[in-house]
Every structure is written in structure tokens, then in C-alpha cells.
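Subject: The model you asked about

Hi,

Here is the structure, ready for you to open. Have a look at it first, then read on for my notes.

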Amino acid sequence: MIKLKKKTPIIDQHDKFGFYGNKFGGNYCAETMRKPIEDLSKLFEKLRKDRKFLKKRDHYFKHYLGGETPFFKLENLTRYLGGAQIWCKDVSAINGDAHKAYHATVNALICKESGKRYIAGDTGAGMFGKNLAMAAKKMNLKCKIFMGTKDISRQAPNVKFMRDAGAEVVPVNSGSKTLVDAVSECMRHYVSNCDNTHLAVGSAIGCNIFLKICAWSTSQISRELKKQLILEFGEIPKLKLINVIGGGSSALGFWNEFIDYDKKHVELIGVEAKYAAPLSTNAKVAILHGAAQYCLTDKEGQIAETRSLSAGLDYPGSSPLHGLLKDSGRARYTNASDKDALAAFKLITKLEDIRPSLEPAHAWSECIRLAPKLKKSDVLVVNNCGKGYKDKKIYIEELGYYPK
Ligand SMILES: Cc1ncc(COP(=O)(O)O)c(C=O)c1O
């Protein structure tokens, strides 16, 4: 079993080649990407210690993204399920409607610091694309978003938003026409344009530096949550933190400050989509998008196709950092089907005033399954990491309505 290091941020627990636990991550990139990646790593290491840069980041988080996101108890759902107390960290309340806002903003700030004028990113659900388009507009950068054509059609509201914000949306027609192909195409674009373009990878995936920047940015969520828990309970109570997993960026942000706690005190539960579930099934380690990770493969070892109603979860790989958390036994992973997620959305929106997108609806489904089995003193917190408006059409097709 891999052992995690205490008091060392999880993003820094790699060796000099970028491997976590001698097994996950690394830098399997094109030769031409080596130098820009090295330059970016040096820049990031400098910026994360630079007080002026941190002040700028905090300024943007507060005055542009809207500051601390709410934390509240779902009284009706708790009463209905009759077990554990259910709490919501409503990250979807951020300006940008999803946790991707942190990561997009930090990437745009880094792009400015690097002196580059162009920024390129991938998107599946359109949440990262939308937030990158917003941040680019705010900081006067030219923005290109790579997106599979299947996702362009199923996440149309976010595509319109990106275009209205002035970003170029590049349709990707190869492979499954979803996120996996969008990431590949965006990386190809970067290989030929790295002199003037900053690459913003949309989740905690890719070569070492990209997943580090991503997880460092989203960790704002757990910094806030820790303070909010202490304010509410006077201490960190016995907790279960439930988060959906696509590439894994929201979960890493939600869990970051709690990784050093004993798992009996703070349990970390990741929920994948049933047919895109490398961490919760017996998937092998394979190399995808420049890094070794748990990944769905076919009999020949090729990357397998996935299937999910949720564009943000329709991805065969998983962050190398989740490989580390799984193999160290620190986090546990399960999955939920489209049907489970839809049923969760139905119940939550009937009882409470939140409208989760399809991605966090998977986490809500696990919460609904677990809560009745637990005691009233147990505390479940779900990261409600995205707003549902982008999935309105899908919810209407599947459920016949979208709540007011
Ligand atoms: C709202 C939302 N939640 C979750 C995810 C899954 O990605 P990750 O696991 O990187 O948070 C996405 C991806 O687009 C998303 O838009």
C-alpha cells in the first residue's frame, strides 16, 4: 500500500519525474512540450510563493468570483431521509456557476504573468470553457476552447455563453466527440503554439504541472469549508465528504485541507458515473494525456469509450492524484448510474432550493443512499459543484420537467 506523507500538500508528493507513489502521473509529453512545461513549472513554483501574486489571486476570488460560497444544512432532506445530517457546500453559487471558476481564473492570471496573449483549454460540460472564456475576457486574453461536437450539442447554453464572451469554440469531431477527444486536440494545438499560448487543462489531469495548477486552484473550496465547519460546530466533527469525480478537480479541491485527518474522522468518498468509472471498477493503469492513471481500456489496452448522460463525467481516465488517494486507502470510490443521478435530482429539487447539474447529482445520489444508514450525529457534506441550467433540456427529456 502506498503511504501518504503528512504535512505535505498532496500535489507536492511526487518524485523528480512527476510520479506519485512511483506509479501515477509523470510527464509523457511530446518532446517539443518539454521546454514550455519546464518554464511553466518554474513560473508556477515562483508564483505560489509570491505574496503579490497570492494577493492578486485572493482579490479575484473575492471581488470577481464573489467570495466564500455558502455552507448550509439541508433540513428537509435530512428529515426525509431520517439518518445523518446533510450539509451542502454550494460551490455552484460562485460567479461562473461551478468550481472550474477557480481553476480558470488562476490559469488566466498565470497566462498574464507568463507574458502570453493566448489561452487554450478543453471542456466537456462547458463549465471550464465558460469560466475560461469569462476569465480571458476579464484579463484581455484571446481564448480558444476545444469541445467535442457531441458535447457542443448537449451543453448548448454554455457554448452560447463562451461565444458571447468572445471565445472561439473549436469543434472536435474525432473519436467519441466528447471530452477525451477535446483534451487530445487541445494538447495538439498547444504543441504547435506553445510559444505564444498558455495551456489550461480543464481538470486535474495531464502532465504534472497541469494537474498541480488545477488542484492548487480548487483547494480554495476546502479552505473555506474548514472555517465554515469550525464556525458551525466549534471543531471539525466526524465527517463524510462526498464529491463527484470526472477528472477529479472538484474532489481534490473539496478534500485538500482534510487529507491529513484520519479516515475515521474525515472520510473521503468519490462518486463516478457508472460507465466512466476507472477508480471504482477494476480498471488498469494506462497512459492518457501525458500521465499514468487508472483508466478504462479495452482488451487490446486501447483507451475505451465511456457512456454518461453527464458530459463532465464522460471521461475514461482519472487524476493521478486520485490514483494515489485510492492506493493509499485514504479515499474510497463508488459510482452512480444516470438513473440514480436523475432520481437524486428529482428528490433534492422537490425538497430543497438547489438545482444541481448532472455531475453533482451523482454525488447527491450517494448521499441519499448512505444517509438513512447513519446516525443523527453523523455529518455528510456534499460538494454541490455545478448549477443545473446547462442540463435543463436533458432533465426535461428524461424527467418531463425542470423545476422553477
Ligand atoms: C459541474 C461539474 N462538476 C464536476 C465535473 C467533473 O470534473 P472534475 O472531476 O474535474 O471536477 C465537471 C466537469 O466538467 C463539472 O462541470
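**What I found**

Let's start with an open sheet of six strands, which has mixed pairing and the order S3-S4-S14-S9-S10-S13. Before going further: this is a predicted model, in which local features need pLDDT of at least 70 and side-chain atom pairs count only at pLDDT 80 or more, while totals for chains, interfaces and linings use all residues. Residues are numbered from 1 along each chain as its sequence is written.

A few words on terms. Helices (H or I, at least four residues) and strands (E, at least two) are DSSP runs, numbered from the N terminus. Two strands pair if DSSP finds at least two bridges between them.

**The four-stranded sheet**

There is also an open sheet of four strands, with parallel pairing and the order S7-S6-S5-S8. Strand S7 (168–172) and strand S8 (197–200) each have a single partner strand, so one side of each has no neighbour in the sheet. Direction ignored, neighbouring strands here are turned by 25° against each other on average. Strand S5 (residues 118–123) pairs with S8 in the parallel sense over four bridges, and isoleucine 119 stands opposite histidine 198 in S8. Helix H8 lies across S5, strand S6 (142–148), S7 and S8, and runs at about 160° to S5.

**A hairpin**

Strands S11 (residues 284–288) and S12 (residues 291–295) pair in the antiparallel sense over five bridges. Valine 285 stands opposite tyrosine 294 in S12. The two strands form a hairpin with two residues between them, and histidine 289 in the turn has a positive phi of about 50°.

**Two domains**

The domain assignment gives domain 1 (30–61 + 99–215) and domain 2 (67–97 + 218–399); such bounds come from an automatic or database domain assignment. Taken over C-alpha atoms, the centres of the two domains are 23 Å apart. Where they touch, 33 residues come from domain 1 and 37 residues from domain 2. (Two residues are in contact if their C-beta atoms, placed from the backbone, lie within 7 Å.)

Which helix gives the most to the side of domain 1 that touches domain 2? That is H8, with five residues. The residues of that side divide into 17 nonpolar, twelve polar and four charged. For the classes, Ala, Val, Leu, Ile, Met, Phe, Trp, Tyr, Cys and Pro count as nonpolar, Asp, Glu, Lys and Arg as charged, and the others, Gly among them, as polar.

**Around the ligand**

The ligand is surrounded by 20 residues, and the closest are Gly246, Ser250, Gly312, Glu359 and Gly386. (A residue is near a molecule or strand if its C-beta atom, placed from the backbone, lies within 6 Å of it.) Helix H5, helix H11 (249–255) and helix H14 (358–370) each supply at least two residues of this shell. By class, the shell has nine nonpolar, ten polar and one charged residues.

**Two helix pairs**

Helix H13 (residues 338–351) packs against H14 at an angle of about 80°, with their axes 7 Å apart. H13 and H14 are therefore roughly perpendicular to each other. (Angles under 35 degrees count as roughly parallel, over 145 as roughly antiparallel, 65 to 115 as roughly perpendicular and the rest as oblique.) Among the residues making the contact are Phe345 and Leu347 of H13 and His362 and Trp364 of H14. By class, this contact has ten nonpolar, two polar and one charged residues.

The other pair is helix H1 (residues 34–47) with H4, packed at an angle of about 110° with their axes 11 Å apart. Leu43, Phe44 and Leu47 of H1 meet Ile110, Glu113 and Ser114 of H4.

Cheers

Methods
Axes fitted to C-alpha atoms, helices over the stretch in contact; angles between N-to-C directions.
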